[in-house]
Amino acid sequence: MKHLLSTENLSLANAIRILDTAEEMAAVGDREVKKLPALRGRTVVNLFFEDSTRTRISFEAAAKRLSADVINFAAKGSSVSKGESLKDTAQTLSAMGADAVVIRHWASGAPHRLAATDWIDAAVINAGDGTHEHPTQALLDAFTMRRHWARLAGTGSEGADLKGMRVAIAGDVLHSRVARSNVWLLRTLGAEVTLVAPPTLLPIGVEKWPCKVSYDMDDTLEQGVDAVMMLRVQGERMNASFFPSTREYSRRWGFDDNRLKALDTLGMKDTIIMHPGPMNRGLEISAAAADSPRSTVLAQVRNGVSVRMAALYLLLSGDTREPAATPALAYAGTHSTKESN
Amino acid sequence: MAANTGTYLIRGASILGGEPADLLIRDGVIAETGTGLSAESSVDDVTVIDAAGLVALPGMVDVHTHLREPGREDAETVETGTRAAALGGYTAVHAMANSTPVADTAGVVEQVYTLGRAAGWVDVRPVGAVTVGLAGEQLAELGAMADSRARVRMFSDDGICVHDPVLMRRALEYVKAFDGVVAQHAQEPRLTAGAQMNEGEVSAVLGLAGWPAVAEESIIARDVLLAQHVGSRLHVCHVSTAGSVEIIRWAKERGINVTAEVTPHHLLLTDDLVRSYDPVFKVNPPLRTDADVQALRAGLADGTIDVVGTDHAPHPSEHKECEWAQAAMGMTGLETALSVVQHTMIETGLMTWADFARVTSTAAAKIGRLADQGRPLEAGEPANVILVDPAARWTVDPFRMATMGRNSPFKGRELPGKVVATFFKGHPTVLDGELNTPYPYADATAGVA
């Protein structure tokens, strides 16, 4: 792996390697001194063309825990807002000696452009591009699911996949990079995915995706599900006639209190409720659901740092081979098996 | 008036891909045809060209070219664009109206026309805008452009659809007064707001806003019915979908006076290429699916689609070296059109060279009402003739092209066919595959027709 641009082409071996490495990184987060010397002297640039405080600070924390130097480059208020091109920005960062660029961009494919051109010779990590992909989000979701799935099975997470796990992803799939990255990664890890959305918020061509599609949230729950991932819905979609009103959306596709109760009624005591954040409480997820013991929202945030540490470490450690077996980090100590949901 | 353009004896060229024959070109016309023509039959200095193995065709006519001048001379000029045209085998191009200022007055179309004559590489026939400023609100002075020295017959807001049905109806009606044609860029604007690529399987994965086929097909369906209702002539620019071919086929069966064009890139490339996010593949209408490509080829072969139009759209590099969403739409095409059509239509057995002459020259000249172009290769006809080496193979290198645009989607591809010579009004603008000299208009600098 030279770059982490998408999960569509991420092999099973590499996915498992990132998740296993993240387990080892998680152990660092549990220590009193949350720092490794692995990337000392390396420079990581957070290049954000779109506001996202959550993702940026997660990457920043990850890089700092690995002792990298971190430069935050927010495109707003910079030369970029004065018309500087992506090419010039990339070449500038290259001249400053960036070893890795973590890029968030409103335009789908912008990270691919950085990786494919000779504008910059750094490792590129896609931190969310337009409505395309958000691979580290999918990896942290998978990491969270894997811990849960392994704990239910009474085994360790390391080396494990998600075979047999039933995952529903509900909401605005059309505009969601999180949904796309999750569909590809969960397929690779062996989970069974069902997308639940109003037909207006599913892309033309979704029938070719490796998942099931449903327009009915209640039916999907009744079929049995081990994780429900709610996607953020932007209120402005309402004005573009994707759905008639936020109330109707909430009733038909939101995870409300009735559906939270339904999980109990249906006997799904181990089903978790996930959300990539930030949440619209009362729209796609009710407050009770968000705050319930089933919710993994905060665990996802915590795991995000571990997964991003793993991605930065693997891309910058120079080992770009396909793994033959699960690697071990000599200095990271034993991995944590503590479940933090 | 005919300038002294010299005398050329072309020996043994395969006429439209058929039997070899000689062509004697003198004083701007084909003076004689036949076998074993003697150079001594002429008193002039005769340049003899051995054309064994070459195909002689009528000079190509492009119904759809963006020359960018006036306004975007950093992208292309009439001079550079028409050099590219001559090298590509063209003897006439229709220069689209979306310049700055827009070609929506007699003054601007006459300027472009004059620049074309000053360059002297091909006939430059300006296309007039349908609406003032391409704004889609008010008809431009179509009659004044038709009556100008540029003698405009084709009108188009290309780049923007004349989407208001009443305005489209009026334009179709009005151009009947001077045998004009409205060339429609068929794109329903509301269905394509923010559109980045063909809507389908690939756009779903890439997360790029979709440009659905129905946005093109619904406008074409409306326009052929309007053309039928008012009894006028409609031309559909750059048809890109299988459904559009079906609608046009249906309209022609009903006797509706509609013509259609397809670009070389839509005959070869598909939206799979967008997976690279390389904006060199960003174009409007977008690259479609393989099923569309096959339907377009079939439509061109059976005459449903009348002509190949390049939609040559040069852009400066900074408009392509950026994010996909930021990039300009368009591809260069003048210097690759012949090769791409040979590759997709002739080498696949779908068409002959005679068919090639129809779709790249004869039919195009009829649509634009160009009396001296697209003529048979017979004695007494204007000597707009090209010689093509169909056995040649070459690798596309945008940096070796005459166009200023480096945005060729065929970069790095090996393609068949090479233009060896282009005769424009009896004068070789291209010889031995290289640019020669422009046609020596006696009055070019004066700009008088």
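What follows is a conversation about a predicted model, in which a colleague asks for the grounds of several descriptions.

Colleague: What makes S241(A) count as exposed?

Modeller: S241(A) has 8 C-beta neighbours inside 10 Å, and since a residue is called exposed when 12 or fewer other C-beta atoms lie within that distance, S241(A) is therefore exposed. The residue sits in the loop between strand 8 (227-230) and helix 8 (246-253) of chain A, and has a positive phi of about 65° although it is not a glycine.

Colleague: Why is D311(B) called buried?

Modeller: There are 31 other C-beta atoms within 10 Å of D311(B), and the term buried asks for 20 or more, so D311(B) is buried. Its backbone has a phi near 50°, a positive value in a residue other than glycine, and D311(B) is placed in the loop between strand 15 (307-308) and helix 10 (337-346) of chain B.

Colleague: Which peptide bonds are described as cis, and what are their omega values?

Modeller: One joins T100(B) and P101(B), with omega about 0°, and P101(B) belongs to the loop between strand 7 (90-95) and helix 2 (106-119) of chain B. Another runs from N284(B) to P285(B), where omega is near -5°, and P285(B) is found in the loop between helix 8 (264-268) and helix 9 (290-301) of chain B.

Colleague: Which residues touch the most other members of the largest nonpolar core?

Modeller: That core holds 252 residues, and those touching the most other members are A100(A), V101(A), A170(A), L312(A), A56(B) and F155(B). Helix 11 (residues 297-316) of chain A gives the most to this core, with 11 residues.

Colleague: What is L312(A) in contact with, leaving aside its neighbours within four places in sequence?

Modeller: With those neighbours set aside, the contacts of L312(A) are L39(A), V44(A), A62(A), A63(A), L66(A), A68(A) and A100(A), and for each pair the term contact requires C-beta atoms within 7 Å.

Colleague: How is chain A divided into domains?

Modeller: The domain assignment gives domain 1 (12-134 + 300-316) and domain 2 (135-299) of chain A, and the contact takes 28 residues from domain 1 and 31 residues from domain 2. On the side of domain 1 that touches domain 2, the elements giving two or more residues are helix 1 (12-29), strand 4 (123-129) and helix 11 of chain A, and the largest share, 9 residues, comes from helix 11. The residues of that side divide into 11 nonpolar, 10 polar and 7 charged.

Note on methods. Residues are numbered from 1 along each chain as its sequence is written. Chains are lettered from A and ligands numbered from 1 in the order in which they are written. This is a predicted model: local features need pLDDT of at least 70, side-chain atom pairs count only at pLDDT 80 or more; totals for chains, interfaces and linings use all residues. A nonpolar core is a set of buried Ala, Val, Leu, Ile, Met, Phe, Trp, Tyr and Cys residues joined through C-beta atoms within 7 Å. Helices (H or I, at least four residues) and strands (E, at least two) are DSSP runs, numbered from the N terminus. Two residues are in contact if their C-beta atoms, placed from the backbone, lie within 7 Å. Domain bounds come from an automatic or database domain assignment. Ala, Val, Leu, Ile, Met, Phe, Trp, Tyr, Cys and Pro count as nonpolar, Asp, Glu, Lys and Arg as charged, and the others, Gly among them, as polar.
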